[in-house]
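Take a look at the chain below.

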Amino acid sequence: MALLLLLFLANILTISEGTCEAGIIKQIHLLRPRSGAGGDSIPGLSCMSWRLAVETNNIIGWKTVPEECEEYVGHYMLGKQYRKDSRAVAKEASLYAQSLKLAGDGKDIWIFDIDETTLSNSPYYAQHGFGLTIYEIFRAEPYNATLFDEWVMEGAAPALPESLWLYNKLLSLGIKVVFLTGRQESQRNTTASNLKNVGYHTWDKLILKEPSKYSGKTAVFYKSNEREMLEKKGYRIIGNMGDQWSDLLGTNTGNRTFKLPDPMYYIS
């Protein structure tokens with residue numbers, strides 16, 4: 001009897017282990033080494049690793065998306081995973097905001113970047129090629145500041161839905177919103193109209209870059225300086241969200257920062 005019981009338990013354990021192993025393989029097959037025993041390549045895996053390194057700021061100062069990853073980046077930005085990743089950030093930011101005890105004096109503010117944070121330029125990149133850097137597009141059109149400015153002046157950029165959802169949540173909590181963007185002061189009216197047309201109907205401040213004041217300065221310097229001026233006016237930056245690390249690094253960054261995904265370009 002004891003022998004039969006041992007054989008029965010051994011059989012159950014074998015079946016359980018096999019089922020578990022099959023489940024694990026199904027779930028994490030994309031995390032296998034790039035080449036297996038037969039030397040078969042797993043398409044896209046190295047690009048996933050590159051994107052992770054970019055988003056965690058372990059790769060900095062990069063000029064182009066790697067040639068082999070241009071298609072991957074395009075699929076990512078236009079696919080479901082980009083939206084899921086953005087949703088995860090927005091939900092965490094909302095939970096944080098709801099946990100705060102506000103002063104109630106109208107000085108608690110949340111800073112949003114604009115491009116690839118509250119507004120999406122994916123329609124432009126889809127037409128002109130992914131893999132864009134601040135200087136050029138790899139294997140696509142050279143970066144053309146005039147063409148991009150023409151796109152901005154159309155005022156046709158859609159909202160990033162997850163950021164719009166967070167924006168409305170913050171307003172319902174009594175938190176004031178400040179937009180701090182690298183767009184030029186000359187684009188103020190179009191930018192304001194674009195924001196309102198897609199659902200960002202109110203804000204406390206809309207700060208755009210003055211070229212004469214920040215010529216030759218990095219984005220980190222520009223945004224740090226503008227945040228410092230806000231705090232000198234008595235504002236408290238309780239949250240700060242952007243798609244670039246230059247939105248979140250430097251000084252006067254706020255109580256907590258939130259990084260949205262963007263493997264398309266790097267701004268220092």
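A polar contact is a pair of N or O atoms within 3.5 Å; within protein, one atom must be able to donate a hydrogen and the other to accept it, and residues adjacent in sequence count only if both atoms are side-chain atoms. The side chains of Asp243 and Gln244 are joined by such a contact, at 3.2 Å.

Asp243 lies in the loop between β4 (236-242) and β5 (257-259). Asp243 is buried, yet has no salt bridge. Its nearest side chain of opposite charge is Lys259, 6.2 Å away. A salt bridge would need a side-chain nitrogen of Lys or Arg within 4 Å of a carboxyl oxygen of Asp or Glu. Beyond four places in sequence, Asp243 is in contact with several residues, including Asp113, Asp115, Lys259 and Tyr265.

Now the bond. The structure holds 1 disulfide. Cys47 and Cys69 form the disulfide, with sulfur atoms 2.2 Å apart. The pair links distant parts of the chain, 22 residues apart: Cys47 sits in helix α2 (residues 45-55), and Cys69 in the loop between α2 and α3 (70-78). The link of Cys47 and Cys69 is left-handed, with -95° about the S-S bond. Both Cys47 and Cys69 are buried.

How far can the model be trusted? This is a predicted model. The mean pLDDT of the protein chain is 84, and 78% of its residues reach 70 or more.

| Residues | pLDDT | Contacts beyond four places in sequence |
|---|---|---|
| 3-39 | under 50 | 12 contacts |
| 132-141 | under 50 | 40 contacts |

Where pLDDT is low, the predicted coordinates should not be read in detail.

Methods. Residues are numbered from 1 along each chain as its sequence is written. This is a predicted model: local features need pLDDT of at least 70, side-chain atom pairs count only at pLDDT 80 or more; totals for chains, interfaces and linings use all residues. Side-chain values use heavy atoms; hydrogens and water are left out. A disulfide is a pair of cysteine sulfur atoms within 2.5 Å. Helices (H or I, at least four residues) and strands (E, at least two) are DSSP runs, numbered from the N terminus. Buried means under 20% relative accessible area, exposed over 50%, partly exposed in between (1.4 Å probe, protein chains only). pLDDT is the predictor's confidence in each residue, from 0 to 100. Contact means heavy atoms within 4.5 Å. Lys and Arg count as positive and Asp and Glu as negative; His and the chain ends are not counted.
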